[in-house]
Structures are given as C-alpha cells and as structure tokens.
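This report describes the fold of one protein chain and then looks at several of its residues in turn. Please keep the structure at hand while reading.

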Amino acid sequence: MRYCETCGISISGTIEYCPLCQSKLSGEAQEDAYPVLPLRRKPHGLIVRFIALITIIAVVVCTVINLSLPGNQRWSVSVTAGLASAWLSVGMTIRRRRNPMKAALWQLGLVSVLVLLWDWYTGCGGWSIHFVLPVFFSCMQFAVSITAWVLRLPPSDYMLYLLLCILAGFIPPILLLCGVLRITYPSSICGGISVIFLAALLLFKGPALRHELVRRLHL
C-alpha cells in the first residue's frame, strides 16, 4: 500500500501521486480491491437498432416504389407517417418503462393526439372520436388496473393515474350529450365503464385517494 508523507495517509491502488496534495507516494503499489467490471451491453439495444434498420428499409422501398409507379397518389407518405407514429408510441413506452403508470398516462395523451391527427389527415371522417378514442379510453382503464394488480403497486402509485384515465373516459359521453357525436353505442359503453371504475375506486380506495389528492395539492 502506498503512503503519503505529507498528508500522513495510506492509499490503495496503483496511483503514483497523492490525490490530496499531489506529492509523490512512497511504498509499493497495491491492486484495487474492487476490479473494474466491463460494461454490459443491453440486449434490447441491438433489437431496437435492428428494428430501426428494418423501418428505414421499409420507408425507402415504399418511397422508391411509389415514385416509380404512375399517378399522383403519395401513399408512401402515409406509410412513413404510420411508422413514425408507431415509433413515437413505442419510444415513449421505452423511455418511461421504469414508471409504468406514468408511461400509461403519456400513452393516453400521445395516442389520442396521433389518432386525431390521422383522422384529420384522412379527411376528418370522425372515426377517431366516434370509435377509436372511446375504445382506447376504456382499454386504458383496464390496462392501468391490471398493471397495478400484477405489479402489486401501492395505491399511491396508481390511483391518480387511474383517476385521470377514468376522467378521460367521460369525454366521449359528454361529447355525445352535447350533440357532437352521431354514433351512440361506443361512447355510451365508454361512459358506463368509466362510471363503474370510478365507483369502484371511490368505494374501495376512497380514503386513500382523498389523502393522495390532498398531499399532491400541498406539494
């Protein structure tokens, strides 16, 4: 073990100079007690890069075929936009994977915006608000509840996220009551599911939910 005459301390390792006073150390060098471990490569990193390459190849092939065929239809733009939407959704999930509840909430907002944009891009047919969003909001309530149950999360870790998903589920029936929507059953079912989840949340986790809301408001 090396020794610093100036500072009066013993230092393990193979360094030549004292890290405090930069004086030359005396004594024999000693190998570190903890060996340097090589960095482990994440196995999913290679899979993500491989899928990214396949996506780029698909975009290039579709663009070349589209430009080679006669006509003014640019269906390759739709393919590219669809793949980009999928990557946005998957990328958001990967980035928030350490907090599945927060990832679900981000998905709730991101997918809703993407669906509305696709509806507008395809001619504002209304399929997003009539069918996709009511089904999606209902599925998100089940997904959050099942995830919390499988992971055995404490109530404070999922209640607010579930409540936000439930509140989102009331948007389609409100639009239906306001006369914005013409098709009844998807929004009605979504509203019914939201009422059931809200009732279950208040009956079984009401005190914990109130405590969590008060705690969040005082932060």
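S85 has its place in helix α2. With a relative accessible area of 14%, S85 is buried, since the cut-off for buried is under 20%. Apart from neighbours within four places in sequence, S85 is in contact with L114 and W118. The model discussed here is predicted.

**Overall architecture**

The protein chain contains seven helices and two strands. Read from the N terminus, its elements follow the order β-β-α-α-α-α-α-α-α. The radius of gyration of the protein chain is 28 Å, whereas the globule rule gives 17 Å for 219 residues; the chain is therefore more spread out than a compact globule. Along the principal axes, the C-alpha trace spans about 85 × 65 × 30 Å.

Of the 219 residues of the protein chain, 28% count as buried. The accessible surface comes to about 15100 Å², and 70% of this surface belongs to carbon and sulfur atoms. Among the contacts in the protein chain with a separation of 6 or more, 51% are made by residues 24 or more positions apart. The chain carries 18 positive and 8 negative side chains, and the centres of these two sets lie 20 Å apart.

N66 lies in helix α1, which covers residues 43–68. N66 counts as buried, at 3% relative accessibility. Its side chain makes a polar contact with the side chain of S76, at 2.9 Å. When neighbours within four places in sequence are left aside, N66 is in contact with Q73, R74, W75 and S76.

Helix α2 comprises residues 75–95 and includes G91. G91 is partly exposed, with a relative accessible area of 24%. In sequence, G91 and S112 are 21 residues apart; in space, their C-alpha atoms are 16 Å apart.

Q107 lies in helix α3. Is Q107 buried or exposed? Q107 is buried, because its relative accessible area is 10%. Leaving aside neighbours within four places in sequence, Q107 is in contact with S89, M92, T93, S112 and F136. The C-alpha atoms of Q107 and S138 are separated by 13 Å, and these residues are 31 residues apart along the chain.

**An enclosed helix**

How many of the eleven residues of helix α5 are buried? Nine of the eleven residues of helix α5, residues 159–169, are buried, so this helix is largely enclosed by the rest of the structure. The buried residues of α5 are M159, L160, Y161, L162, L163, C165, I166, A168 and G169. These buried residues pack against four helices: α3 (100–121), α4 (127–151), α6 (171–177) and α7 (185–217).

**Residues in the loops**

Y158 is placed in the loop between α4 and α5. At 13% relative accessibility, Y158 counts as buried. Not counting residues up to four places away in sequence, Y158 touches M101, A148, L153 and K205. Y158 and A148 are ten residues apart in sequence, and their C-alpha atoms are 6.6 Å apart in space.

R152 is also found in the loop between α4 and α5. R152 is exposed, with a relative accessible area of 74%. C124 has its place in the loop between α3 and α4, and C124 is exposed as well, at 54% relative accessible area. The cut-off for exposed is over 50%.

Most residues other than glycine have a negative phi. C124 is not a glycine, yet C124 has a positive phi of about 55°. R152, likewise not a glycine, has a positive phi of about 55°.

**Accessibility in summary**

The table gathers the accessibility values of residues discussed above.

| Residue | Relative accessible area | Class |
|---|---|---|
| N66 | 3% | buried |
| Q107 | 10% | buried |
| Y158 | 13% | buried |
| S85 | 14% | buried |
| G91 | 24% | partly exposed |
| C124 | 54% | exposed |
| R152 | 74% | exposed |

Key: Residues are numbered from 1 along each chain as its sequence is written. This is a predicted model: local features need pLDDT of at least 70, side-chain atom pairs count only at pLDDT 80 or more; totals for chains, interfaces and linings use all residues. Side-chain values use heavy atoms; hydrogens and water are left out. The radius of gyration is taken over C-alpha atoms; the globule rule is 2.2 Å times the number of residues to the power 0.38. Buried means under 20% relative accessible area, exposed over 50%, partly exposed in between (1.4 Å probe, protein chains only). Contact means heavy atoms within 4.5 Å. Accessible areas come from the Shrake-Rupley method with a 1.4 Å probe; for residues, only the protein chains shown count as cover. Lys and Arg count as positive and Asp and Glu as negative; His and the chain ends are not counted. The place of a charge is taken as NZ of Lys, CZ of Arg, CG of Asp or CD of Glu. A polar contact is a pair of N or O atoms within 3.5 Å; within protein, one must be able to donate a hydrogen and the other to accept it, and residues adjacent in sequence count only if both atoms are side-chain atoms.
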